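The following note is meant for a colleague who is opening this entry for the first time. Please keep the sequence and the coordinates at hand while reading the numbered points.

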Amino acid sequence: MYNPLLSKKPIPKAALDSLESNFDIHEKRNFINQNGYFFHGSSLTTIEYLYNNNVDINILNHQEQDVLFYAKSPAVLNFYLSKGLLPNKVDKNGENAFLYLLKEGCEKSVKILLEHPDNNIFQINKYGQNALHFATSPGLLKILLKKGLSLEPEGTADYLIYELFDSKDPHKFFQILYKVKDEWPVSKQNGKNIFYYALDGNQSELFDFLITQKNAFKLLKETLDNLTVRETNRIEINLQIKAQKALKELTVNEEKNTLNEILKDRVETIKRRL
């Protein structure tokens, strides 16, 4: 049976007018089913009208998706859930409604599904992508990481490195990533660490954050030591100067820390001998 709720045809005014007309209810259902007009994205009022007039909300489309996949409105999503639909269907791409809505940027609906007991937040699609690939805001990324989402699936770390730099305020994403995971993603494709991408992308704010974190000396030195001439030329002069200055300061601090550790060990040795 064809389900207009899952159709992707544009909704013409005639279809909406027909719903408000004095057609017999049976005729209205036939009109909807035969014409297959698109009701995805419709208001809760329209969805309730269709449901109350026996339009089936349980049927799947050709991608094996149910209406939850298209519930971009939190009100519509809650309506479907209240009617007993569960967010556990998986479509032909290996995605559930949670992953699909996350990919579509429907953050409010995603947050509802995050708390649903039948939703699998760890779903991985047939391309090996999990929810971290589609995090649309620093806040959502933080929630997903705290829920236990992993960087382990193939390509996840690389995605976070490459794609988040194209987002607005990438330094905010990476601050959250570090604070929650206490580690930096390293590209599995080329072994480059996060300092390299901060410099290569001329991300000054992210660089300023990175140099305040532990292991900054090691990672920055490793990055600067391995930069090619071509890579160096892509970095803005001001950022190059900042990086060299930061390395000098970090080197001094590292030497002080090393000296302090040596002195501490000697004091402990002397105490043991006494």
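**Notes on a predicted model**

1. Lysine 147 has a relative accessible area of 33% and is therefore partly exposed. The model is a predicted one, and the points below should be read with that in mind. The side chain of lysine 147 meets that of glutamate 115 in a salt bridge, with 3.4 Å from N to O. Because glutamate 115 lies in the loop between H6 and H7, while lysine 147 lies in the loop between H7 and helix H8 (156-164), the pair ties together parts that are 32 residues apart in sequence. Glutamate 115, with a relative accessible area of 57%, is exposed.

2. As for the overall make-up, the chain holds 14 helices and 0 strands, and its pattern along the sequence reads α-α-α-α-α-α-α-α-α-α-α-α-α-α. Of its 274 residues, 43% count as buried. The accessible surface of the chain amounts to about 15,300 Å², and carbon and sulfur atoms account for 50% of that surface. Where contacts join residues at least 6 apart in sequence, 68% of them are between residues at least 24 apart.

3. Lysine 72 counts as partly exposed because its relative accessibility is 36%, and glutamate 104 counts as partly exposed at 38%.

4. A further salt bridge is formed by arginine 234 with aspartate 200, whose closest N and O atoms are 2.8 Å apart. Here too the pair links distant parts of the chain, with arginine 234 in the loop between helix H13 (229-233) and H14, and aspartate 200 in helix H10, 34 residues apart. Arginine 234 has a relative accessible area of 40% and so is partly exposed, and aspartate 200, with 24%, is partly exposed as well.

5. Which residues of helix H6 are buried, and what covers them? In H6, which spans residues 107-114, the buried residues are Ser109, Val110, Leu113 and Leu114. They lie on the same side of H6, because the arc that they cover around the axis is only 145°. Their cover includes helix H4 (74-82), helix H5 (97-103) and helix H7 (138-146).

6. Turning to the aromatic side chains, the count comes to 5 aromatic pairs. In one of them, the ring centres of tyrosine 70 and tyrosine 100 are 5.6 Å apart and the ring planes stand at 65°, so the pair is edge-to-face. Since tyrosine 70 lies in the loop between helix H3 (44-52) and H4, and tyrosine 100 in helix H5, this pair ties together parts that are 30 residues apart in sequence. Both tyrosine 70 and tyrosine 100 are buried.

7. Phenylalanine 195 and phenylalanine 207 also form an edge-to-face aromatic pair, with 5.7 Å from centre to centre and 70° between the planes. Because phenylalanine 195 lies in helix H10 (residues 194-200) and phenylalanine 207 in helix H11 (residues 204-210), the pair ties together parts that are 12 residues apart in sequence. Phenylalanine 195 and phenylalanine 207 are both buried. Elsewhere, ring pairs link Tyr51, Phe79 and Tyr80 into a cluster.

8. The last point concerns the surface, where Leu259, Ile262 and Leu263 form a nonpolar patch with about 260 Å² of accessible area together. Leucine 259 lies in helix H14, which spans residues 237-273. Why does leucine 259 count as partly exposed? Its relative accessibility is 48%, and residues count as exposed only over 50% and as buried under 20%, so that values in between are called partly exposed.

Terms used: Residues numbered from 1 in each chain as written. Predicted model: local features only at pLDDT ≥ 70, side-chain atom pairs only at ≥ 80, totals over all residues. Heavy atoms only, no water. Patch = residues over 30% accessible without salt bridge, like charges linked within 9 Å, V, L, I, M, F, W, Y side chains within 5 Å. Areas by Shrake-Rupley, 256 points an atom, 1.4 Å probe, with all protein chains shown as cover. Salt bridge = Lys/Arg side-chain N within 4 Å of Asp/Glu carboxyl O. Helix = DSSP H or I, 4+ residues; strand = E, 2+ residues; numbered from the N terminus. Buried < 20%, exposed > 50% of the residue type's maximum accessible area, 1.4 Å probe, protein only. Contact = heavy atoms within 4.5 Å. Arc of directions from axis to C-beta. Phe/Tyr/Trp six-rings, centres within 6.5 Å; stacked < 30°, edge-to-face > 60°.
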